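Thanks for coming. I have a few spots in one chain to go through, and I will take them one by one. Please have the picture open while I talk.

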Amino acid sequence: MASNFTEEDFTCPVCYDIFKDPVLLRCSHSFCKVCMEKFWEVKQARECPVCRAGSLIRDPPLNLALKDLCETFLQETCQQGSSVSESAEICSLHNEKLKLICLDDQQLVCLVCRDSRKHSDHKFCPIDEAATDFKEELKTALKKRIKKVSLGWKRKMASNFTEKDFACPLCCDIFKDPVLLRCSHSFCKGCLEKCRDVKLARECPVCRRNTYLWKPPLNLALKNLCETFLQGKRQQASSNSAPLMKQQRTLRSNSKLDNTGLSSFEDRQE
């Protein structure tokens, strides 16, 4: 099933690249392990780069479910190869390649854009040069886009994930409010609580590792991916049912017309 995923859904908020060995903090935010370690080293404090919440855990657990989804996404992107659209490198206005950056508007532009009134008297620079010469002047989001365009990066707008990729190991249904244990396994919050009530022990249902002293945080990145998947599933179901509903309305309309015609004929006979 194709879902409307983009690379942003799998992007680390520190390096702006797809997660690599993501770890989860108690505040529910995920980051690449290396990014987290470098951030803490620079800040000389263990805090979340997003919400600044302190972290008492020196070695955050691996977000295994998120890691698997990122690897699947990357694998599918590589398999598509040259068949993937290069729309990220094309100007949406003039259908020309984006070769320049407007330093005044902080936008990627094509040669036609450069000569238009909108960018009159503006300063321009080739994308490759802008990535190095004007690094400090550019916004973070624009730096990311320049890097991807200059490297010929291809964007993938959909992935053929299945429900199994987002399934909780306990209920075998799509995760609902997933939490992450210290052992790196994720479960629905409700499923884990029920399992603990039955077992009368705080252990991982998969690896049996004891998690008695560790309250599992919400796996926010995984939750967001599950919601995006469910949204795509609902949209697909709606689009599939639309032709059937239209056909049913047509049949009802035709049936109504037939009944009206029959009644008129009977009235004339009388």
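Phe5 and Phe166 are both buried. Keep in mind that this is a predicted model.

Let me stay with that pair. The ring centres of Phe5 and Phe166 are 6.0 Å apart and the planes are at 10°, so the pair is stacked. Planes under 30 degrees apart count as stacked. Now, where do the two residues sit in the chain? Phe5 is in the segment before strand 1 and Phe166 is in the loop between helix 5 and strand 6, so the pair ties together parts 161 residues apart in sequence.

The structure holds seven aromatic pairs. In the pair of Phe5 and Phe161, the ring centres are 5.4 Å apart and the planes are at 80°, so the pair is edge-to-face. This pair also links distant parts of the chain: Phe5 comes before strand 1 (22-24), while Phe161 is in the loop between helix 5 (140-150) and strand 6, and 156 residues separate them. Which residues do the ring pairs link into a cluster? They are Phe5, Phe10, Phe73, Phe161, Phe166 and Phe229.

Next, Asn63. Find the loop between helix 1 (33-43) and helix 2 (64-80); Asn63 is there. Is Asn63 buried or exposed? Its relative accessibility is 0%, so Asn63 counts as buried. What does Asn63 touch, leaving out residues up to four places away in sequence? The contacts are Pro22, Val23, Leu24, Ser30, Leu180, Ser186 and Asn219. Take Val23 from that list. Val23 and Asn63 are 40 residues apart in sequence, yet their C-alpha atoms are 5.0 Å apart in space.

Last, Ser184. This residue is in the loop between strand 6 (178-180) and strand 7 (186-188). Ser184 counts as buried because its relative accessibility is 12%, and the cut-off for buried is under 20%. Leaving out residues up to four places away in sequence, Ser184 touches Pro61, Leu62 and Leu64. For Leu62 there is a distance to give: a polar atom of the Ser184 side chain lies 3.1 Å from the backbone oxygen of Leu62.

Notes:
Residues numbered from 1 in each chain as written. Predicted model: local features only at pLDDT ≥ 70, side-chain atom pairs only at ≥ 80, totals over all residues. Heavy atoms only, no water. Helix = DSSP H or I, 4+ residues; strand = E, 2+ residues; numbered from the N terminus. Buried < 20%, exposed > 50% of the residue type's maximum accessible area, 1.4 Å probe, protein only. Contact = heavy atoms within 4.5 Å. Polar contact = N/O pair within 3.5 Å; in protein donor to acceptor, adjacent residues only side chain to side chain. Phe/Tyr/Trp six-rings, centres within 6.5 Å; stacked < 30°, edge-to-face > 60°.
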